[in-house]
Amino acid sequence: MARVKAWHVVAKVDDLEKGDVTPVVVGQRELAIYDGVDGISISYGRCTHGAANLCDGYFDGRRIECPLHQGLFDALTGKALAAPARVALRMIDCKVEDGQVLAWI
Ligand code: FES
């Protein structure tokens, strides 16, 4: 039976690292919440190139650099921008309501 997706509160806006990336764990999922210049976005936390947690990487407000091999991703769209990253990040729809970040998972 397929799991039904729904909106889930994953963080409070006040608890996010301002202008940075915040790790959260929801069930079995490790997520990365980006507080970027274009707003909040969420991806799965693991790099698509290898076993690295993107929350340990460098976030410049638009792009997240993987801490392991410096692959680069667009934190809003997930697009891989620089090798060795080639596969886009899996992004998660999100929204902010009443000071809370909700993810469609
Ligand atoms: S593990 Fe992220 S670029 Fe290699």
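Two strands pair if DSSP finds at least two bridges between them. Strands here are DSSP runs of E with at least two residues, numbered from the N terminus.

The model is predicted: local features need pLDDT of at least 70, side-chain atom pairs count only at pLDDT 80 or more, and totals for chains, interfaces and linings use all residues. Residues are numbered from 1 along each chain as its sequence is written, and side-chain values use heavy atoms, with hydrogens and water left out.

**Exercise 1. Find the residue opposite F59, then place its strand in a sheet.**

Solution. 
- Step 1. Look across to β6: I64 stands opposite F59.
- Step 2. Check the pairing. β5 and β6 (residues 63-65) are antiparallel and share 2 bridges.
- Step 3. Widen the view. The open sheet has 4 strands, in the order β5-β6-β7-β8, with antiparallel pairing.
- Step 4. Look at the edges. β5 (58-59) and β8 (80-82) each have a single partner strand, so one side of each lacks a neighbour in the sheet.
- Background: strands of a sheet pair through backbone hydrogen bonds, either parallel or antiparallel.

**Exercise 2. Work out the surroundings of T22.**

Solution. 
- Step 1. Decide on burial. Buried means under 20% relative accessible area, exposed over 50%, and partly exposed in between (1.4 Å probe, protein chains only). T22 has 10% relative accessibility and counts as buried.
- Step 2. List the contacts (heavy atoms within 4.5 Å). Leaving aside neighbours within four places in sequence, T22 touches L16, E17, L31, A32, I33 and C55.
- Step 3. Look at E17. Its backbone nitrogen lies 2.8 Å from a polar atom of the T22 side chain.

**Exercise 3. Which residues have the most contacts inside the largest nonpolar core?**

Solution. 
- Step 1. A nonpolar core is a set of buried Ala, Val, Leu, Ile, Met, Phe, Trp, Tyr and Cys residues joined through side-chain atoms within 4.5 Å.
- Step 2. Read the core. It has 15 residues, and those with the most contacts inside it are V21, Y34, L54, I64 and F73.
- Step 3. Look for another core. A second, separate one of 12 residues includes L16, V24, I42 and A103.
- Step 4. Follow Y34. Beyond its neighbours within four places in sequence, its contacts include D20, V21, F59, I64 and L89.

**Exercise 4. How many aromatic pairs are there, and how are their rings set?**

Solution. 
- Step 1. Apply the rule. Rings of Phe, Tyr and Trp (its six-membered ring) pair if their centres lie within 6.5 Å; planes under 30 degrees apart count as stacked, over 60 as edge-to-face and the rest as tilted.
- Step 2. Count: 2 aromatic pairs.
- Step 3. Take W7 and W104. Their ring centres are 5.3 Å apart and their planes stand at 55 degrees, so the pair is tilted.
- Step 4. Locate them. W7 is in β1 (residues 7-12) and W104 in β11 (residues 100-104), 97 residues apart.
- Step 5. W7 is partly exposed at 33% relative accessible area, and W104 is partly exposed at 32%.
- Step 6. Take Y34 and F59. Their centres are 5.4 Å apart and their planes at 50 degrees, so this pair is tilted.
- Step 7. Locate them. Y34 is in β3 (residues 29-36) and F59 in β5, 25 residues apart.
- Step 8. Check burial. Y34 is buried at 0% relative accessibility, and F59 is buried at 6%.

**Exercise 5. Trace the partners of L102 in β11.**

Solution. 
- Step 1. Start from β1. V9 has L102 as its bridge partner in β11; β1 and β11 pair antiparallel over 5 bridges.
- Step 2. Turn to β10 (residues 94-97). K95 stands opposite L102, and 4 bridges join β10 to β11, antiparallel.
- Step 3. Inspect the hairpin of β10 and β11. There are 2 residues between the strands, and D98 takes a positive phi near 50 degrees.

Technical notes: A polar contact is a pair of N or O atoms within 3.5 Å; within protein, one must be able to donate a hydrogen and the other to accept it, and residues adjacent in sequence count only if both atoms are side-chain atoms.
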